[in-house]
Amino acid sequence: MNNLIIKYKNRRLYVNLIIGLVWIILGILTSWAAEYSRWSNYFYIIIGVIYLGIYVWEFKNQYLTITDSFIKNNSFFGKKILLQDIIQVKKIFGDYVLKTEHKEFSINMNMVHDDSKAELVTFINSINLLEEEMVKS
């Protein structure tokens, strides 16, 4: 199996982009309208740059990476679990929770792009577990 990339929904990406641009524009307007420069005038710009950074990171790395040996959440401090360590798969309110002996790995299906949902569900169904270990609610 090649690396499988599970994408974020476009809406999530665009919301971060728009919020970042709005904060930057607000910061520029506040700095421009101020009679004297204060560090707090630039706070808006800093927040906007952070949101733009989140947008770029998520656009480049997407939500999940699945390989032959592990599944990884690509957020800044994302978790990574080995596929061989998975002992239980739960489906809770449409989301999936993969459990190992020491960790839980949650997959929020509301963040998954529609094009990636079928691939992700196929992957989850292909995890080799005994039938009684597959728990659905």
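Hi everyone, let's start with helix α3, where Ser 116, Leu 120, Phe 123 and Ile 124 are buried. These four sit on the same side of α3, because they cover an arc of only 95° around the axis. Please keep in mind that this is a predicted model.

What do the buried residues of α3 pack against? Their partners are strands: β1 (4–6), β2 (64–66), β3 (70–73), β5 (88–92), β6 (95–99) and β7 (104–107). Turn to the face pointing away from that buried side, and you find the exposed residues Asp 114, Asp 115, Ala 118 and Thr 122. As for its dimensions, α3 runs over residues 114–126, which makes 13 residues, and spans 19 Å from first C-alpha to last, close to the expected 18 Å.

Now to the aromatic rings. The count comes to four aromatic pairs, and I'll show you two of them. Tyr 8 and Tyr 63 form a tilted pair, with 5.2 Å centre to centre and 45° between the planes. This pair links distant parts of the chain, 55 residues apart: Tyr 8 is in the loop between β1 and α1 (10–33), and Tyr 63 is in the loop between α2 (43–61) and β2. Both tyrosines, Tyr 8 and Tyr 63, are buried.

Trp 23 and Tyr 44 are stacked, at 5.5 Å centre to centre and 20° between the planes. Here helix α1 supplies Trp 23 and helix α2 supplies Tyr 44, 21 residues apart.

One last stop: the charged end of Lys 80 sits over the ring of Phe 70, 4.1 Å from its centre.

Notes:
Residues numbered from 1 in each chain as written. Predicted model: local features only at pLDDT ≥ 70, side-chain atom pairs only at ≥ 80, totals over all residues. Heavy atoms only, no water. Helix = DSSP H or I, 4+ residues; strand = E, 2+ residues; numbered from the N terminus. Expected span 1.5 Å × (residues − 1). Buried < 20%, exposed > 50% of the residue type's maximum accessible area, 1.4 Å probe, protein only. Arc of directions from axis to C-beta. Contact = heavy atoms within 4.5 Å. Phe/Tyr/Trp six-rings, centres within 6.5 Å; stacked < 30°, edge-to-face > 60°. Lys NZ or Arg CZ within 6 Å of the ring centre and 35° of its normal.
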